[in-house]
Amino acid sequence: MSATPQDLPGQPVAEQRSGASRKAAETEAEYGHLVKSEYEHGFVTEIESDTLPPGLDESVIATISRRKGEPQWMLDWRLAAYAKWLEMPTPQWAAVHYAPIDFQAISYFSAPKKKELKSLDEVDPVLLETYEKLGIPIEEQKALAGVAVDAVFDSVSVATTFREKLAEAGVIFCSISEAVQEYPELVQKYIGSVVPPTDNFYAGLNSAVFTDGTFVYVPKHTRCPMELSTYFRINEAKTGQFERTLIVADEGSYVSYLEGCTAPQRDENQLHAAVVELIAMDNAEIKYSTVQNWYPGDEEGRGGIYNFVTKRGDCRGANSKISWTQVETGSAITWKYPSCILRGDHSVGEFYSVAVTKGRQQADTGTKMIHLGKHTRSTIVSKGISAQHGIQSYRGLVRIAGKAEGARNHTQCDSLLIGDKCAANTFPYIEVKNPTAKMEHEATTSKISDDQLFYCRSRGLSEEDAVSMIVNGFCKEVFNELPMEFAVEAQKLLSISLEGAVG
Amino acid sequence: MSAQALESDRATNAVGGVPEAGPFDAWLPASAPATGEPGWLTAARTAATERVRTQGVPTGKSEGWRYTGLRALLEQGFTPVDEPLDAMLREDLDDLLVPGLDAHRVVVVNGSFAPHLSDLDDLPKGLRIGGLRATLAEDPDALADDLARIAGDGAHVFASLNTAGMGDGVVLLADRGALVEKPVELLHLSVGMDEPKVAQPRHVIRLGDGARVTLIERWASLGDALYCNNAVLEIGLGRDAVLAHRRVQLESPSAFHLSGVYLRQGAGSRYDGINVGLGGRWARTDLVVRFAGEHAECDLSGLYLAGDKQLIDYHLDVQHGLPRCTSRENFKGIVHGKGKAVFDGLVYVAKDAQQTDAAMSNRNLLLSQGAEVDTKPRLEIYADDVKCSHGTTVGQIEPEMLFYLRSRGIPEGLARRMLCLGFAGEIINALGNEALAGYVSEAVGGRLQAAPL
């Protein structure tokens, strides 16, 4: 709550107040100021950038590839993806609405000019200041937290820490462009094997033009000595970001990966079409956590990030496990379905999600659990909070194939509605072809009840604290899955986003 | 069918402006409608024909038909039933009746009202039952507010086909305050012809304010003939009216069955519908509920048994457009052999439909390898002060339960049947009519007996 800019109630509300919505209007007048907290991380760092002019064709892709010094096979792969992408239609099925994107108006490459830094001291001080404003403690983390940060500022990695320590353990943690140069055989083997370029429209676009991202390889029987983390930040105006993340956990290994995002305030919509591929071999485990707080647009929905992401994990080996945890509070439009293909016998997929939509934010998010192997298990816990004019959909698929003996799924999706102009939808698809499968799905939609509020208030809690407490309780199941550092950040984000917005 | 699903149906199918020869052309009436038909009905037919032409055949990409393939249906080359079948005698019905069921009976043979088989002599005051054609001939505007109005234009292609090709059906009108004690039985009897025929009966059920009626709707056939039924029921409930609607679908094992129940509920009215789906090779049922007044209650439950190579599909679409209405859905299914069951339930709560109370549940028992369940319980909610939930399960018979029964000396096959019947019992017992419950229970038991459990 510290960040709430105005404490004066009664921000003018433009909508006509019909009889039926009078209650909501009153509520808005009473508490509206509390949800109107301005975007905290809205600032632009002025730094020289090496940006390609907007537009997309083969020559742009060739330029990207050349500037990154990629081998020929990578360029061929990109061009093949581009050719396929040209034939793909823009997907229309999601319950989100936006003006058609002009893919020729986007600049597909932007990199801070300074390169080849040996230490953090050489990083542009303006950049470091930006990170400080965002609260990314690169310096501190070196000494304290034991978190290696591969901070991405626009599209090229500029600072990587703890590389050596990881190298000792044999873990490869670098930007994907470096990986293409240094470990071409690994990249070539795994890239596109979970999310092929033909998978969907935005994955195709990403495959053609991805500029950077992260590559992680954990060798056999290795437990990654620290939590890996990348902070993404979109900075250059009119720059789409096309990150590509590839994480391979070889037999018997474990890795936990944290992804967090903030972006400065902009008036143009920015497209972000990332692809994340996870591969877990026998007995391996990957834990992937996301806190996403990109600029959601202003109260009328102007500006804001379009977040169209393809995330998929492949439990290739027996007894492997992939766990997705996400806290989505930002972006004008979120469209992502972190999925698990449970191929190996006894493999486990998990999906924990908290999504918040307010203002004019739209989110169509969920997961797919494809059970192919025997005795595969999956858990889905999705918590949606919708306020003001937010629209939120859970869209999930649980498919249990004929050969998935003894597969097990439990799905729970709950929605909390705050105000009468928001929406919460649930679209689960459940396909079961094996009689030994056990599958449960439950969903509820409700608001914060007056009783709950009254109880807390009668114990002397302020309205804001009470709501914060109830919402946090609502999301607790998911927060518990986050690594410690993220859990704190996520709770704070949630409080800033929603505290006091009682419906 | 939700509006959204329909949009997608159209988007994928309405290609170009000029309609080509569609696969449903054979279903459309060849000649102009009978003279004397009221103008509004002719207009509705023309519009429906137009919709059929532009919509075309739904494909697997159309949201409402994702899991329900139409190829088998289209391959049969059905043509409309041309003339009513008068050769049936009352004695022919004997084997098809529900033993011990005391009801006013109205019989429809191959889609046409058959007065000579019906038993409508002692209808109570305030209740009128007759054929659709006869009713329209008598008073062309009697049904102007209901016929083709309740189902509306948004219905899917088969409802449009029914509107375009509707011949006959049954009209049930209960006056204001009419309390009908004995249930009304609506028996659809299908008789196979030399060629595969499609019957498209259209029924209108209208209950005046405060009227109470129990309607038992049954689908049966003589022999295991190949035929298709494409029925539409339009039900209008007045203020505080109560309709208990029991639907028992026991079509022949080779039959194709399509039925749409379109419901408009007035303020404070109550609809209590139970669907039992056992028969047919391929069956699709749409239950579409719209509220026209507050404090209305709608209760939809169902039991389906999809056996070998059988497809049973229920699509529910409940739209809460007004505040303070309640809806409940409770569907249970048993699937065995290579059977396939599809359940799609949509609860839509419009903006300002505050204090909506909606709960949906769909539970399935999968009994064999090769059986498939596709379920899609959807919530779309645009109001905040609501109580909405849904739950779905798919599973097999609990080994613990089986072990318990077997430890009591009950053989495995019987134990499995007992557990299945127990699972189905919740819905069967809710039927409320002893004779009917016994009849359904026996039919379910027989089916389970025949199933290789």
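1. Chain A has 503 residues, and 55% of them are buried. Buried means that 20 or more other C-beta atoms, placed from the backbone, lie within 10 Å of the residue's own. This is a predicted model: local features need pLDDT of at least 70, side-chain atom pairs count only at pLDDT 80 or more, and totals for chains, interfaces and linings use all residues. Residues are numbered from 1 along each chain as its sequence is written, while chains are lettered from A and ligands numbered from 1 in the order in which they are written.

2. Chain A holds 12 helices and 24 strands. These are DSSP runs numbered from the N terminus: helices are H or I with at least four residues, strands are E with at least two.

3. Now the interface. In chain B, 33 residues are in contact with 33 residues of chain A. Contact means C-beta atoms, placed from the backbone, within 7 Å. On the chain B side, strand 20 gives the most, with 10 residues.

4. Strand 23 (residues 423–432) of chain A and strand 20 of chain B run antiparallel, joined by six bridges. Pairing requires that DSSP finds at least two bridges. Glu431(A) has Asp374(B) as its bridge partner in strand 20 of chain B.

5. Look at helix 5 (residues 157–165) of chain B. Nine of its nine residues are buried, so the helix is largely enclosed by the rest of the structure. Among them are Val157(B), Phe158(B) and Leu161(B). Its cover includes helix 2 (39–55) and strand 10 (228–237) of chain B.

Terms used
Buried ≥ 20, exposed ≤ 12 C-beta atoms within 10 Å, placed from the backbone. Contact = placed C-beta atoms within 7 Å.
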